[in-house]
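Here is a short briefing for a first look at this structure. Keep the sequence and the 3D view open as you read.

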There are 2 protein chains.
Amino acid sequence: MNGMKPLLLLSNDDGVQAKGLNELIGMLSPLGDILVMAPDGPRSGSACAITSDVPLRYRVLDEKPGLKVCACSGTPTDCVKLALEQEAGRKPDIVVGGINHGDNASVSVHYSGTMGLVLEGCMKGIPSVGLSLCDTAADADFSLAAPYVRAVVQRVLDGGLPSGVCLNVNFPKASAGGYRGLKVCRMARGTWSAEWFETLHPRGRKYFWLTGAFQNLEPESADTDSWALANGYVSVVPIGIDMTAYQAMDGLKSLEDL
Amino acid sequence: MNGMKPLLLLSNDDGVQAKGLNELIGMLSPLGDILVMAPDGPRSGSACAITSDVPLRYRVLDEKPGLKVCACSGTPTDCVKLALEQEAGRKPDIVVGGINHGDNASVSVHYSGTMGLVLEGCMKGIPSVGLSLCDTAADADFSLAAPYVRAVVQRVLDGGLPSGVCLNVNFPKASAGGYRGLKVCRMARGTWSAEWFETLHPRGRKYFWLTGAFQNLEPESADTDSWALANGYVSVVPIGIDMTAYQAMDGLKSLEDL
């Protein structure tokens, strides 16, 4: 790696072969040296999970000037931890997750392996950005996202992010009309329901597939990510690693009398 | 289940056999009917991970008046989702996670399967409390925690919690002096480093075990959970499911000009 250029650490949760990651490499190659440490297969819904019960391994899939690609047996968060200590050589200038096949807006940030790896970068003091497209297809069209991806990443490389804050960027599914612009939003209040699809094992025992429907609990709130996406905007939500609900502290003080 | 009593849904990330969960059942049995849906083995570090690539199953291990215990093949978050739709019959009055063998203070809340299941309960609109002891031993001593556990859970059953807020309760390791009391705190700023232990496969390839050392980045801050635990107090941190970093939104508005 050339120490003069910015170092961009990329990972995802769809696996190293995913189109979204490979398109991202192409979009960001002009901005600096790229190190990819991504899971060796799909890890959707990994959240910030870490692997403590089995050892991990990784292998180098590709290495050429300005680009090194590694595949790891762990979770997205493991990938960032492993890349930082074993491969990066120096502190990356940015961690970028994605581009995820499927949206990570509203409460889905809690389940997302893409945002898990982005939170890990943020906890390590590195400006970090998660990118997701509202299209789960393996051959999803990421072309409309490209100029926004490059501009947001360049802006973060130039100006950084506040300490303890990372970005959750979601793109509407590509459509003929293009995107209407970009909106800085808050997480919508939402919930998942009807989450299980029951099926029977050939010998009669019940099995359950996780599925479910997302419900936006405040569909009229135009300052939320879910609203922005439903209305053709790219959403950007600043996400904090300090999850303390400060507004609830006074009301809990009476617990100290227990 | 007797519909007249409160219904308490319990789970953990150490698995259904763990001492911490079984001690918790004993502590909370006087407060209502108990439904346990816990992983069938250890799931430490699961965060809010969900299982979408394989179907899940669960079996009933024990059933008697006031108590039903189920073991599930999924993550802690899966357990809560499955219990709510398949076993609870009605909305539980509280979700309680733990008691975890090992602390979940500061940024460890992001990796914790205990807090993952608690966040899931919170996202489903149920008052939810996570309990962790700063002692990873399989035979850890939970006795000093018992009166606090009962009092906090009773308080939450009686008064609820603000919408979108759950509790992260951590207990110091048991010592002869007992606990000094309970403190309502914020999450300490902290970080993990030196996270990998390298080992060699018999045929020569490198493998990596996740390990690491936690560093409290603000050890003098007496309003944090890490300080409370280091000084003999039980820590209670209100945790919000809205991770929006509102204080960062104005500074990002210029992104909308991209």
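**Starting at one residue**

Leaving aside residues up to four places away in sequence, F214(B) touches G190(B) and W192(B). The model is predicted.

- F214(B) counts as partly exposed, because 15 other C-beta atoms lie within 10 Å.
- In sequence, F214(B) and N22(B) are 192 residues apart. In space, their C-alpha atoms are 28 Å apart.

**Helix α1 of chain B**

- This helix spans residues 19-28, and its buried residues are G20(B), L21(B), E23(B), L24(B), M27(B) and L28(B).
- Seen down the axis of α1(B), the buried residues fall within an arc of 160°, so they line one face of the helix.

- Nine strands of chain A form an open sheet with mixed pairing. Their order is β3-β4-β2-β1-β5-β6-β7-β13-β8.
- β3 (58-64) and β8 (182-184) of chain A stand at the edges. Each has a single partner strand, so one side of each is left without a neighbour in the sheet.
- From one strand to the next, the twist averages 20°.
- β3(A) pairs with β4 (residues 67-72) of chain A in the antiparallel sense, over six bridges.
- Within that pair, V60(A) stands opposite C70(A) in β4(A).
- Helix α2 (residues 76-87) of chain A packs on the sheet. α2 of chain A touches β1, β2, β3, β4 and β5 of chain A. The direction of this helix makes about 135° with that of β2(A).

**The nonpolar core**

- The largest nonpolar core has 164 residues.
- Those with the most contacts inside this core are M37(A), V96(A), V129(A), M37(B), V96(B) and V129(B).
- Residues up to four places away in sequence aside, M37(A) touches S11(A), Y58(A), C70(A), C72(A), C79(A), L82(A), A83(A) and E87(A).

**Where the chains meet**

- The contact takes 68 residues from chain A and 68 residues from chain B.
- Elements of chain B that each supply at least two residues to the side touching chain A include α2 (76-87), α3 (113-123), α4 (146-159) and β13 (234-240).
- By class, that side of chain B has 39 nonpolar, 14 polar and 15 charged residues.

How values were computed
Residues are numbered from 1 along each chain as its sequence is written. Chains are lettered from A and ligands numbered from 1 in the order in which they are written. This is a predicted model: local features need pLDDT of at least 70, side-chain atom pairs count only at pLDDT 80 or more; totals for chains, interfaces and linings use all residues. Two residues are in contact if their C-beta atoms, placed from the backbone, lie within 7 Å. Helices (H or I, at least four residues) and strands (E, at least two) are DSSP runs, numbered from the N terminus. Ala, Val, Leu, Ile, Met, Phe, Trp, Tyr, Cys and Pro count as nonpolar, Asp, Glu, Lys and Arg as charged, and the others, Gly among them, as polar. A nonpolar core is a set of buried Ala, Val, Leu, Ile, Met, Phe, Trp, Tyr and Cys residues joined through C-beta atoms within 7 Å. A residue is buried if 20 or more other C-beta atoms lie within 10 Å of its own, exposed if 12 or fewer, and partly exposed in between; C-beta atoms are placed from the backbone. The arc is that of the directions from the helix axis to the C-beta atoms. Two strands pair if DSSP finds at least two bridges between them. Axes are lines fitted to C-alpha atoms, for helices over the stretch in contact, and angles run from 0 to 180 degrees between N-to-C directions.
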